[in-house]
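Work through the exercises below with the structure open beside you. Try each task before reading its solution.

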Amino acid sequence: MRAAPTILHLDMDAFYASVEQASKPSLRGKAVIVGGLGPRGVVATASYEARRFGVHSAMPMGQARRLCPNGAYLIPRFSLYRQVSDVVMAMLRELSPLVEPLSLDEAFVDLEAGGVAFDSRSARQAGERLRADIRAATGLSGSVGLAGSKMLAKVASEEAKPAGLLLIEPGTDRELLAPMSVRTLPGVGPATGEHLRRAGITTVGELAEAGEDELVRMVGRAAGAGLYRMALGLDDRPVVAERDAKSVSVEDTFDVDLHDRVRIRGEVQRLADRCVQRLRGSGHSGRTIVLKVRRYDFSTLTRSETLRGPTDDPAVVREAAARLLEGVDTTGGVRLLGVGVSGLADYTQEDLFAQSLAAEPDEAAGPEGAARAAGAAGAEGNDGADRTDRTDGAGGEAVAAGGAPEAPEPPGGPEPAPERRWTAGSDVHHAVYGPGWVQGSGVGRVTVRFEQPGWEPGRVRTFRVDDPELEPSDPLPLVGDSP
């Protein structure tokens, strides 16, 4: 514990939803829910307007729609969220060399290490200045907590929400914590909270009064000792500037269970490509390939294979993931697939044997094995809106590239091009009306609202889904010149 509140915790307010409201002026002050829009989607973030209806993160999207039927339901736009996060994190690093990011929208800062705060007055000034700078640069609000420890700083930022600042003076922490719910403490989830409630402990003050021995008896030595220290406000953890990633992974939950083995194999190949893209983006390579399969009955299987050296070669990762899949029983259906890479390194040691396996068709497996190898080599990591079209398209291109004869043209001429998909919340640009975003689509039509950050709410127009003048586009900056 420090004698001055020079540890700062920043937590952006309803980050994903706030970014959407800032980029879409017509959604200001309205209920916005960001997450997966399919039947099995979950809420990633809900705006404060949506939270009044009981919607919260990790809630099934179907339940959210029942609670808030008139809310705006949007897909996440992670590329934009990362851009905004980079701006915010750069501001934090101007304050101090010791910045510990926890996620895109949350971080600890050691103000004393940066020489910007040594007492309560200077710490508060630094926090207020940071909030104002973030508002000016991004148009968003963040909540700031200041205290003598990381735990108390995080508690303070939570109490300051939304768009506030709370400073906990050293020596007042136990008095402040005593009436708070035990769920306020980091690491106390629903199960631990319910266990404590059954024992008659609901507040932090009651937790401290119970004593360390009683808590150890209730929840075990490690957890009990940690709970008691937190209840007393004790936390000596330093702010750590670099938190090395231990693994990189991607996964998809499917709206309908997958039963077709070929389709499952294609999804694994696509996930492997996406995983390698993320791996390369972080500047790493890895030795251990991990496959995750959640089956129809919610049982989850994890399989891994360790290579002889670290790699960031998509062909090697695809082939390893395919080998792991061969040992998994998918009878009955699959609801989730994931591919990850662990054992990360900052260099690449090419595995020539693995590359040769990925490059050459499996002759022992016959034509089916050759087609599978061609599909593995040609699949592209595409984050498009429609999962079925994406996988089928990648597999078809791979077979054609491998020299296999193309399928004969169906009677009556070539098949019509698949209908274009427009997902709610995605960015578009029209040749006449300019930039906008998709409000919804169906029965061959797509509805677009044309507006930009900093504008007044824009007009809505409807087009055919195949309108040649309407194209997907990149997100616009949140702060710029107003028209």
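**Exercise 1: A strand and its neighbours**

Find the residue in E15 that is the bridge partner of Val438, then trace how E15 is joined on either side.

Solution. This is a predicted model.
- Step 1: Val448 in E15 is the bridge partner of Val438.
- Step 2: Look at the link. Two residues lie between E14 and E15, which form a hairpin. Val443 sits in the turn, with a positive phi of about 45°.
- Step 3: Go on to E16, residues 459-464. Six bridges join this strand to E15, again in the antiparallel sense.

**Exercise 2: Two helices**

At roughly what angle do the axes of H1 and H4 cross? Classify the arrangement, then list the residues that meet.

Solution. 
- Step 1: H1 spans residues 15-23 and H4 spans residues 78-95. Their axes come within 11 Å and cross at roughly 95°.
- Step 2: Angles of 65 to 115 degrees count as roughly perpendicular, so H1 is roughly perpendicular to H4.
- Step 3: From H1, Phe15, Tyr16, Val19 and Glu20 take part. They meet Phe78, Leu80, Tyr81, Val84 and Ser85 of H4.
- Step 4: Sort the residues of this contact. Seven are nonpolar, one is polar and one is charged.

**Exercise 3: The whole protein**

How many helices and strands does the protein have, and what percentage of its residues is buried?

Solution. 
- Step 1: The secondary structure comes to 16 helices and 17 strands.
- Step 2: Of the 483 residues, 46% are buried.

Note on methods:
Residues numbered from 1 in each chain as written. Predicted model: local features only at pLDDT ≥ 70, side-chain atom pairs only at ≥ 80, totals over all residues. Heavy atoms only, no water. Pairing = 2+ DSSP bridges. Helix = DSSP H or I, 4+ residues; strand = E, 2+ residues; numbered from the N terminus. Axes fitted to C-alpha atoms, helices over the stretch in contact; angles between N-to-C directions. Parallel < 35°, antiparallel > 145°, perpendicular 65-115°, else oblique. Contact = heavy atoms within 4.5 Å. Nonpolar A, V, L, I, M, F, W, Y, C, P; charged D, E, K, R; others polar. Buried < 20%, exposed > 50% of the residue type's maximum accessible area, 1.4 Å probe, protein only.
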